[in-house]
Amino acid sequence: MYEIKGRLFSKISSESTDCVMQCLPDGSMEFGDAFDKVYTLADVENITDRLGSIPRRITFNDGVVFETPDNDSIDALFSNQISWLAKLSDSLDQWRKPLIFLVVATVLAIFIVFKYGLPVGARIAAFLTPDIVAQTIDSSALETIDSIMLSQSNLPEERQQAITREFEDLVSLAQRMNYPHLDNMQLLFRDGGSVGANAFALPGGTVIATDQFIELSENDDEIIAVLAHEIGHVRHQHSLRQIYEAMGLYAMFTMIGGGGIDLSQEVVNQAAFVFQLNASRDFETESDEFAIDLLKAGGRDPSYLANILRRLTKQCEDCEDGPEWLSTHPAPDGRIKAIIDKSRQ
Amino acid sequence: MSDQPISQNMGTQSQTTSLEQNPVLDVQFTGTAKEYFGIWIVNILLSIVTLGVYSAWAKVRRKRYFNGNTWIAGHNFEYHANPVSILKGRIIVFVLFVAYNITANLAPEVAGILTLLLAIVLPWLINKGLSFNARMTSYRNIRFGFEGNYWKALLSLVILPFVGFLSLGLLLPIATQQQAKYIYSNHSFGDAKFKTYIALKPLYKALLMAGLLLAVSLLLIGGIIAGTTGILAMIQTIDENTFSDPGEFILFLPFIFIFYLGIIFTFILPYIYYSVRSFNLAINHLTLDGKHKFGSNVKVAEYAWILVSNLIVTLLTLGLMAPWAHVRKMKYLAAHFFILPDGSLDEFVDRERSEGNVTSSEFMDLDGIDFGL
């Protein structure tokens, strides 16, 4: 016979009675002088899970509650009434000695989700996104960008048309090669203002080239090489994937932070977007490879991409202001070298 | 039954001091940073491994830990929510959130209507959420409760704060007064009702002090701006090549950090001052069943120091000290809260009441709507 010290509450009252619960071998529970009712295991409605050292409560089906701090006895006697999930959580909680392993496992899990889980999830989400959504993002993004940093292009009409023709040839070549997501491609010219020489792609297929970028290029081959790279971003749905990755990261941080961090939570969430900047480098490489394949297929020399990138990077080192984070063309030496190597293959 | 000694055989001993024959009941928080760290890290690990599904269980474990370690007169609090229903609530809120964002992108004019709709249902959501949280909390086998009223919630929680904002804070005390009245006075413990009332005069006094604090902070921010101009110039000259080098990126972090701290000190300190003062006022006028009284003597400087140093330590340890920070805050709040009972606490009786709505509660979680401190 087991004896568990605790106290007893009647159904809806705040008054408690100290008592000893006697657990008999047949599974019945008695309370001696304190309470004359006898319960069986079938009368147990709920037993709270073990958590730290807070008391456990057994609720019987008539509303009577028995409360005890004697966690070990409850675990020993009511093993069958406790869910597997509660047991798993508890055994991890109790796993104190190598606590550092838990910390390492958690950091590792965060890393794996961050490095592999998020990108794969974002890829699936981007694939499932209807075209109309991406196009709507384009039009509202363009509106915003136009109103805050870009203005009307000063490039002569004929020059714009000539480049647009080359762009359309490139797109139809890519479509003949059966690359997906290229149905709504369009090229727009804008005065870059503080953005300077740049070209970037929006998720729905809108590619924007700044006047400064056209001026920086030494020949049309360089412009076409960069446009091929931008088509690569659209083909791989990079912008959409980046949006989904940022959303996922935000959700993850919010979930982890839940309740415990207070003021820090906001700072942590902001960090989600800062970290996102680094993730885009893989996308650049992917687009470079796409551009090289496309240019080769069109009978062009892909090494022009390396030339213009080198000049864009150099220009960026000199430029005083302008949001570098918007630039989709960071070009460390490694990236330029990779382009040259692959062009020669 | 009155003046019957309160049983003290469980938990930590409660200090009883004689005050006009009534003992003062202290609140003890018995959670420890070490113990909570183990629970917290398991919560995170399982939440990540299950892609967020476990976060509902994690929430229940977190709330149970903090409720269960809060003791008054030898009895602790308990949190009763079922993780499965919390999970369902979270899924509903998440689906609505995604649907809202997609609509906002596809048809901004429809999104405008949806936002208006949200403003209309907001008081209802808040009522249901408060009701759920109260109903899931118990002390001495008696559940708390909250019975809201749509129009009163709309007035005190949506319209008045908005008017307070429009008046540049001048009418804020009226909003605070009505908000405290609405939230505290509609809560109940079993069939006993809470009641509070804050006079406007001390609230305006608190607002005046917060305003002075803000003025001083704004003078200081001038200095901070001067200091950060140099840093900003640096930020602008750092190009993406620098970002791609992790070593230099880490060097860059302290500046973001300092910048954030500047903002926090300027705007958060006056905010903490005002909210601590109004919290103390509300609690010091709080009664239960018309006779039991409550008291709070949270000190602004001490509490602000705890929040700010918690933030710094948590950030510097990349979140690993978050459990310590949370336990530290709860210990402080518990130590500055007390109860002046009038007679026995054994006489409360529970009653059947509607359970509230878990989806509303999860909506409040997501939206960071939080009342009190």
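Helices (at least four residues) and strands (at least two) are DSSP runs, numbered from the N terminus. With that in hand, here is a friendly tour of a predicted model. One stop is Ala73(B), found in the loop between strand 3 (70-72) and strand 4 (75-79) of chain B.

**Chain A overall**

- Chain A has eleven helices and ten strands.
- Of the 345 residues in chain A, 34% are buried.
- If you take the contacts in chain A between residues at least 6 apart in sequence, 60% of them join residues at least 24 apart.

**A six-stranded sheet in chain A**

- Six strands of chain A form an open sheet in the order 3-2-1-6-5-4, with antiparallel pairing.
- The edges of this sheet are strand 3 (29-30) and strand 4 (44-47) of chain A; each has a single partner strand, so one side of each has no neighbour in the sheet.
- Strand 1 (residues 2-9) and strand 2 (residues 16-23) of chain A run antiparallel and are joined by eight bridges.
- As a landmark in that pairing, look for Lys5(A), which sits opposite Val20(A) of strand 2 of chain A.

**Strands and a hairpin in chain B**

- Strand 9 (residues 287-288) and strand 10 (residues 292-296) of chain B make an antiparallel pair with two bridges.
- Leu288(B) has His292(B), in strand 10 of chain B, as its bridge partner.
- Three residues lie between the strands of this hairpin, and Asp289(B) in the hairpin has a positive phi near 60°.
- Asp289(B) belongs to the loop between strand 9 and strand 10 of chain B, and its positive phi occurs in a residue other than glycine.
- Asp289(B) has 17 other C-beta atoms within 10 Å, so Asp289(B) is partly exposed.
- Strand 10 of chain B also pairs with strand 11 (residues 337-340) of chain B, in the antiparallel sense and over four bridges.

- Ala73(B) is a residue other than glycine with a positive phi, near 50°.
- Ala73(B) counts as buried because 21 C-beta neighbours fall inside 10 Å, the cut-off being 20 or more.

**Helix 5 and helix 6 of chain B**

- Helix 5 (residues 150-166) and helix 6 (residues 172-185) of chain B pack at about 160°, and their axes are 8 Å apart.
- The two helices of chain B are therefore roughly antiparallel, as angles over 145 degrees count that way.
- Residues of helix 5 of chain B in the contact include Leu155(B), Leu160(B), Pro161(B) and Val163(B), while those of helix 6 of chain B include Leu172(B), Ile174(B) and Tyr182(B).
- By class, the contact of helix 5 with helix 6 of chain B has ten nonpolar, four polar and one charged residues.
- Helix 5 of chain B passes helix 6 of chain B in a left-handed crossing.

**Helix 5 and helix 7 of chain A**

- In chain A, the axes of helix 5 (residues 157-176) and helix 7 (residues 220-235) come within 10 Å and cross at roughly 45°.
- That angle makes helix 5 of chain A oblique to helix 7 of chain A.
- The crossing of helix 5 of chain A with helix 7 of chain A is right-handed.
- Among the residues that meet here are Ile163(A), Glu166(A) and Phe167(A) from helix 5 of chain A, and Asp220(A), Ile223(A) and Arg235(A) from helix 7 of chain A.
- This contact of helix 5 with helix 7 of chain A has ten nonpolar, no polar and three charged residues.

**Between the chains**

- Helix 2 (residues 84-94) of chain A and helix 1 (residues 33-49) of chain B have axes that come within 9 Å and cross at roughly 130°.
- Helix 2 of chain A and helix 1 of chain B are therefore oblique to each other, and their crossing is right-handed.
- Ser89(A), Leu92(A) and Asp93(A) of helix 2 of chain A make the contact with Gly38(B), Ile39(B), Val42(B) and Leu46(B) of helix 1 of chain B.
- Sorted by class, the contact of helix 2 of chain A with helix 1 of chain B has four nonpolar, two polar and one charged residues.

How values were computed
Residues are numbered from 1 along each chain as its sequence is written. Chains are lettered from A and ligands numbered from 1 in the order in which they are written. This is a predicted model: local features need pLDDT of at least 70, side-chain atom pairs count only at pLDDT 80 or more; totals for chains, interfaces and linings use all residues. Two strands pair if DSSP finds at least two bridges between them. Axes are lines fitted to C-alpha atoms, for helices over the stretch in contact, and angles run from 0 to 180 degrees between N-to-C directions. Angles under 35 degrees count as roughly parallel, over 145 as roughly antiparallel, 65 to 115 as roughly perpendicular and the rest as oblique. A crossing is left-handed if the near helix is turned anticlockwise from the far one by less than a right angle, and right-handed if clockwise. Two residues are in contact if their C-beta atoms, placed from the backbone, lie within 7 Å. Ala, Val, Leu, Ile, Met, Phe, Trp, Tyr, Cys and Pro count as nonpolar, Asp, Glu, Lys and Arg as charged, and the others, Gly among them, as polar. A residue is buried if 20 or more other C-beta atoms lie within 10 Å of its own, exposed if 12 or fewer, and partly exposed in between; C-beta atoms are placed from the backbone.
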